[in-house]
Every structure is written in structure tokens, then in C-alpha cells.
Amino acid sequence: MASYEELQQGVITADEGKVEDLVRQLLAAGNNPLDIIARGLTAGMAIVGQKMKTGEMFIPEVLASAHVMAKGMDILKPLVGDKLSSIYIGKVVFGTVQGDIHNIGKKIVSMLLESGGFVVIDIGVDVPAAKFIEAVKREQPDILALSALLTTTIPRMKEVIQALSSANLRDRVRVMVGGAPVTQSFADSIGADGYAPDAVLALERAKQLLD
Amino acid sequence: MIIVGELINTSRKPILESVARRDAEYIASIARRQAEAGASYLDVNCSSILDKEAEVMAWLVENIQKAVDIPLCIDTPNPAAMAAGISLARKGRPLANSITGEKDRFAAMLPLLLQYHARVTGLCTDDQGIPETAADRLRVARDLVHRLTDAGIDIDDIYLDPVLTSLSTNNTAGVEVLTAIRLIKEEFPKVHLICGLSNVSYGLPSRKVLNQAFMIQTMAAGMDAYILDPLDRTMMGFLYASQALLGQDQYCRNYLSAYRRGLYNEEQRQQK
């Protein structure tokens, strides 16, 4: 009989056919779709994240696993409807700051955040401070995540944090910053709540910020 | 083949530390070693120093030029730092790295290129972002070449960078660049093509193997300038070998001269 462990393995090895089969088998055996997501798909992705952190797996493999997980979700999502939000641990609004058009780092971090149980609202690249403020008001996220890959654009992060303060939103949301030129001391200097040097640590830091 | 030595970059810790203590001798030694290893230009990049970039750029340029006689590649997106570096560059014609198709950056950099009669690296990005396909790259390349030559820049002074992205996040990252190089060369045979190699291997293990393979492939497609570490003997060996194999090295002159100087040959180096 199909098990959650097998489903996790299917996600880790990015075996699309196996994951879809197992999801269907688990459903046929009467398992709750939310359990299949949490104990099978998401749990498998969490292991993938760990393996990336330890250097056993690499970005293309993580992307393949995320793709396969999404295939499984395609089957399950219509069955859970709006109950899906009950398994999310937090909400993140994520964007690359104004003047910066880098997208890939943000995508990888988003994927790992989603695999770790966050719902991620990606508001794109080259995002002006005002648009971050709008999104925080509209989505009311737990975390606002700012990405920048250029030494010339990381000063924009400070402006976003200042804009949050001016809009009286600063204490309503935790701010995480990341990207190649960003350091812990830079994050501290602009008053960010969290920083991580890579995608896996970003997930860990995001979870800590919820506490 | 044009080799731009990449080591003088403040994102590298030893360079950052030597800048912090204004250790001109260390900078001079890195400059000399790269020149001796066959660099045609030396890259100077201090854009990680946000607040004093122009001042540090001037200091680096002055001190590098005391040590070597090859021209410099002034590497910054910041027009003020570009002006600081390029105005002091006096060993041959400098290479300004870089201009892009982005409206503001193009407008800020162009007058400097003209004033100092510099060669220029044109990054194939524009206000629409980082190109994904070969066709995107060709479109930005065409636009850059037309705008630069219309402004009076000689096409032979333009070095287009097709913008390498990471293979780890996109299977076609390598092949789109290879196709772009061919398309650009077909349309503009006189334009040069330049790149750094490390982006392509981001997120994968044994990055050097990928970088080396991609240097060989891009060279075969028409790339004629690289921003790399000339002290990397394996890379330099592949560079001289590829150049000779592509029929760009008459009587294998460069390959043999580099061999005699021990630039890539292990036994030769041990005898020294």
C-alpha cells in the first residue's frame, strides 16, 4: 500500500509519474488530501531543502522536486478548496527592489518558503517602495521579503523599511532581506528583522520570525 | 584573444582588506602577476564599496598604473566611479565596463566614453530586464550597437556581453547564449563579444569544469574576449589550445609562447 514515506521519496527523486500515482492511491485509500499535502508532498520538499543545505542536492534537483510537488498539488488542490490556508504556517509578500530586475534568487527562495509551508505572494521585480506598501496593506503578510542582487540597489531596501514606518505599518510585519551583496551587518544597519545568506537558511529564518 | 584579468575586485576578500588598509603594494603585486600571466586588460571593480566607490576607484587606478603598463577595464555601473576611473586611465585606451540598453544608464555613461575615447562593454540588458532567449539578446545587441555607433563610437571598440545566466535554474541558459553569439556575429562581424564565465555555473558543484567547458564552447561560437582569472593555469591552457584549434593562432605562436613561459604547463612551472 502507498505510504507517505514513499510519496516523500517520489518528491525527493522528482519522479513525476510515481508522485501522481501515489497521490491517487492515497486518495483512493481514503486519506485526507490535506494530510497528503502536509505529510507527503511538503514533508518531502522539506527533506529536499535539508539535502540542499548539506550539499547533497543541487539547485536543478530542487527545481525538479518542486515541479513534481506542484504536479501532486494540481491533483489535490481542487479537493481541499479554501481549507488549504489551514495548513499554511505564514504568509510572505516577496519582491525585488526598485532598479533591480533579478528574479531567480527570489524564485528559489519562494519555492523553498512554499515547500516549508508558507504561502508566498510574489509581487515581481523592480518594485517601488509604494508598491510594497500597497501589498502589505492588501495582503497583511506575516513577513515582507526584499531581494536585491546589486550593490547599487540594496540602498532601496532601507527606503522600503522607512516607507513602512511612515505608513505606520512597521510593527505589523517582519522584514527579511537577502541577495548576494546583502550582509547581516547591512541588514542590521537598515533595521531589517531577518537576513539569510542562502535559500535554505532563509526558510529557517522565516520560521523563526513567526515565533 | 583578449583576456581581462578579473582579480582586482573588492568583492574578493584579500582585495577588500588591502583596500581597507590602503596596501598599494599588494594591489601592485596582483596587477603585475595578472599582466605577466597574459592579461590584455586589468579589470578594476570596487562597486561593493558603496559610499566611497569613486574615491577607491581613483586610488586603485593610480596604484595599478604604477605597477603595470597594460590598459584597464573600469568595471562599475556607477557613472561617478566610472568618471573617476576612466579620467585617470592613461595606459592605452581603457575599456569601460559597462553600458547597458537601460535608458538612464546609457545616457549617463555615453558622454564619458566619448570624452575619454574609451572602448566599451555593452551588457545585453535593457529596461525589460535580463534577456532569456537568443532573440532577446540579439534585439538588445542590435539596439546597443546602433545607438553607440550613431553616437560616434567605432564598432571595433564595442564589446558586447551576451549576459550569461545560471544553468542550474534554466536548462537552456547555455545554448541560448551560444545561439546569441552566432546571431550577433552574423549581423555585426566587427563587434567583439566578451563575458565572464562564472554565472553559468552558479548553484552547481565543480563549477570550474563548467566554466572551462563553456569558455571552449563560446569561443567556438565567436566569443573573443573573456573576463577571467589569468592565474588559473588550467583555464589558460584551454584558452590557448582552443584559440589554436580554431585557426586563430598562426604557427601556434601564442600556444607555444605561453608554453615556454610556463603559463599553463605544469612541468615547465616546476622547473622554474
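Asn211(B) counts as buried in this predicted model, at 11% relative accessibility; buried means under 20% relative accessible area, exposed over 50%, and partly exposed in between, with a 1.4 Å probe and protein chains only. The residue is found in helix H8 (residues 207–221) of chain B, where helices (H or I, at least four residues) and strands (E, at least two) are DSSP runs numbered from the N terminus. Leaving aside residues up to four places away in sequence, Asn211(B) touches Leu197(B), Ser198(B), Val200(B), Ser201(B) and Met235(B), contact meaning heavy atoms within 4.5 Å.

Residues are numbered from 1 along each chain as its sequence is written, chains are lettered from A and ligands numbered from 1 in the order in which they are written. Because the model is predicted, local features need pLDDT of at least 70 and side-chain atom pairs count only at pLDDT 80 or more, while totals for chains, interfaces and linings use all residues; side-chain values use heavy atoms, with hydrogens and water left out.

Helix H8 of chain B also holds Lys208(B), whose partner Asp232(B) sits in the loop between strand E8 (225–228) and helix H9 (233–245) of chain B, 24 residues apart. Lys208(B) and Asp232(B) form a salt bridge with the closest N and O atoms 3.8 Å apart; the term denotes a side-chain nitrogen of Lys or Arg within 4 Å of a carboxyl oxygen of Asp or Glu. Lys208(B) is exposed at 54% relative accessibility, whereas Asp232(B) is buried at 13%.

Over all chains, 20 salt bridges are found. In chain A, Asp122(A) pairs with Lys106(A), the closest N and O atoms being 2.8 Å apart. This pair joins strand E2 (residues 118–122) to helix H5 (residues 104–115) of chain A across 16 residues. Asp122(A) is partly exposed, with a relative accessible area of 38%, and Lys106(A) is buried at 1%. Glu159(A) and Arg156(A) form another salt bridge, at 3.0 Å between the closest N and O atoms. These two residues are separated by about one helical turn, because they lie three residues apart in helix H7 (residues 155–166) of chain A.

Chain A is divided into domain 1 (4–86) and domain 2 (88–210), with bounds from an automatic or database domain assignment. The C-alpha centres of the two domains lie 26 Å apart. Contact between them involves 13 residues of domain 1 and nine residues of domain 2. About 1,000 Å² is buried between the domains, 73% of it on carbon and sulfur atoms; buried area is the accessible area (1.4 Å probe) that two parts lose on being put together, summed over both. One salt bridge is counted between the domains. Lys53(A) and Glu204(A) also form a salt bridge, with the closest N and O atoms 2.8 Å apart. On the side of domain 1 that touches domain 2, helices H3 (33–53) and H4 (59–80) of chain A are the elements giving two or more residues. The largest share, six residues, comes from H3(A).

Between the chains, the contact takes 14 residues from chain B and 12 residues from chain A. Chains B and A bury about 1,100 Å² between them, 79% of it on carbon and sulfur atoms. Leu50(B), Ile130(B) and Thr169(B) lose the most area in chain B, together 39% of what that side buries. The count of salt bridges between chain B and chain A is zero.
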